[in-house]
Every structure is written in structure tokens, then in C-alpha cells.
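Please look over the model shown here before reading on.

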Amino acid sequence: MHQPQLSFKQLSQRPKLPVFLSGVLIRSQIGFKLQFFLSFFKMGSSDRLFNRQRTVHEILGGGFAADVILWRRKNLTVGILLVTLAVWLVFERSGYTLLSLVSSVFLLLIAILFSWAKSAAILNRPAPPLPELHLSEEMVNEVATFIRLRVNTLLSVSQDIALGKDSRLFFKVAAYLWLISFVGGLTDFLTLGYTSLVVILTVPALYESFEDHIDKYVILGYKNLHQLYVKLDEYVSRVQKWILVKKKLS
């Protein structure tokens, strides 16, 4: 059936949404936001954060990298921190740039090896023990395949975002890029990289050492936040009822 079109005047005179329905919408919006925030923690019957069943070591992969991050190989972890600290100090205090530092290191290395080889030839000593500097075709193909797969995945995701196929992913990427831009405006790339490495090598290890206490207080905070949500929901319901009664009396 053909329905008659309403004019702008008739549309403006149509009854507006009742106040109590507006309150229901506001209540549902607030509740949805709080429930989305609370669901991020995924608390259940477990007494662990995010309701996880695996250990921190298993979550990090359970391999060599997990051992380094969780200080199972203390000497290596301390060595990485000291080397990165030395590199950061060299760049920050000495005024070196990455290109000048790499060039200086290679120049020093080549000069030492050249002098060693010449002196060994004169004194009938063995030459410097250098490994065979050669890239096999298999290794190059594996690296090329790995890079190609990752680049194709990135291009596919970028195409989906550009064509508007995944709005949720778009907002995630936009939020991450804004966060990177904001943090990048506060510090330089070298300091950010060193700080990130320190965080990666300290926060998981500290959490593993004190996970019982951290989980206890985080779950307690989650319960308090959930109680706040219940109280807010009750308050919004009372306001709705008060507005509805006042509207009936008027």
C-alpha cells in the first residue's frame, strides 16, 4: 500500500518520545558502557585476573623469550638492560646519530680485523677466525616468504579499513595511532624504545612475583565498580519514576 508522505509541519507536530522512554534510553546507554568496561576484565568464578587458567610464562609463549622477560635467565636479561642503557646514553649524551655510530663501529671493526690479518701474515700467525659470510638461497626464500605474508596481511587489513568493511577495527587502529602520536609528541623515538624495553622486562616479572596480591586488589576493585554500577542503575530508575509521577500529576 502507498503511504501518504507527511509534511515537515506534520512531522514536527508528531508526539515526542515520552520522558520515561528517554530515561530508559539514557539508562541503557550508561549501562552498556559500564557493562562493556566491566566485561573487559572477564571476571568469573576464578580468582585470577581476566579469569585466566594459564600461568604468565605460558601466556608469553613458554619459550626462550618468556624466560628472558620473566628473568629466568637473569644474566641475559641484565645484559640486555645494560647494553640498551649504554646505547641510550651514547645517543643521548655523546651527540651521536644512528648512522654515525654504526659507521664508526664498522670502521673500528674493519680496522682491527685488517691489522690483525696483516700482522698474522707477517708473523706467520693464524688469520682472524671469521665465520663464512654467506646467505643461502633457502634462507633468503624463507625471509622473503615471511615478509610477503605479513605485508599481504597488512595490505588486506588496510583495504578493509579504507573501504569501511570493519568499523570496529577502524576505531581500534585510529585509537592506537592517536596514542602513538600523543606519546611520540612527549618524547623521542630512542627514549620511547628504551622505556618500552624496560617496561617489558620489568612489569611481567613483577606481576608474576606478586600476582596473588595484584589479582586480589584488582578483583576487589572490580567488585566495588560493579556495586557502583548497581547503585547507579537504581538511582536512574528512581529518577525515571520521579519524572513519570511528576508528569502524571502535571
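Questions and answers on this predicted model follow.

Local features need pLDDT of at least 70 and side-chain atom pairs pLDDT 80 or more, while totals for chains, interfaces and linings use all residues. Residues are numbered from 1 along each chain as its sequence is written, and side-chain values use heavy atoms, leaving out hydrogens and water.

Q: How many helices and strands does the protein chain have?
A: Helices (H or I, at least four residues) and strands (E, at least two) are DSSP runs, numbered from the N terminus. Along the sequence the pattern reads α-α-α-α-α-α-α-α-α-α. The count is 10 helices and zero strands.

Q: Are α9 and α10 roughly parallel or roughly perpendicular to each other?
A: L206, Y207, E208 and S209 in α9 meet E211, I214 and D215 in α10, where contact means heavy atoms within 4.5 Å. The axes of α9 (residues 189-209) and α10 (residues 211-249) come within 5 Å and cross at roughly 85 degrees; axes are lines fitted to C-alpha atoms over the stretch in contact, with angles from 0 to 180 degrees between N-to-C directions. Angles of 65 to 115 degrees count as roughly perpendicular. The two helices, α9 and α10, are therefore roughly perpendicular.

Q: Is F146 buried or partly exposed?
A: F146 lies in helix α7 (residues 137-162). Buried means under 20% relative accessible area, exposed over 50%, and partly exposed in between (1.4 Å probe, protein chains only). Because its relative accessible area is 48%, F146 is partly exposed.

Q: What share of the 250 residues of the protein chain counts as buried?
A: The under 20% cut-off for buried applies here too. The share of the 250 residues that counts as buried is 14%.

Conventions
Parallel < 35°, antiparallel > 145°, perpendicular 65-115°, else oblique.
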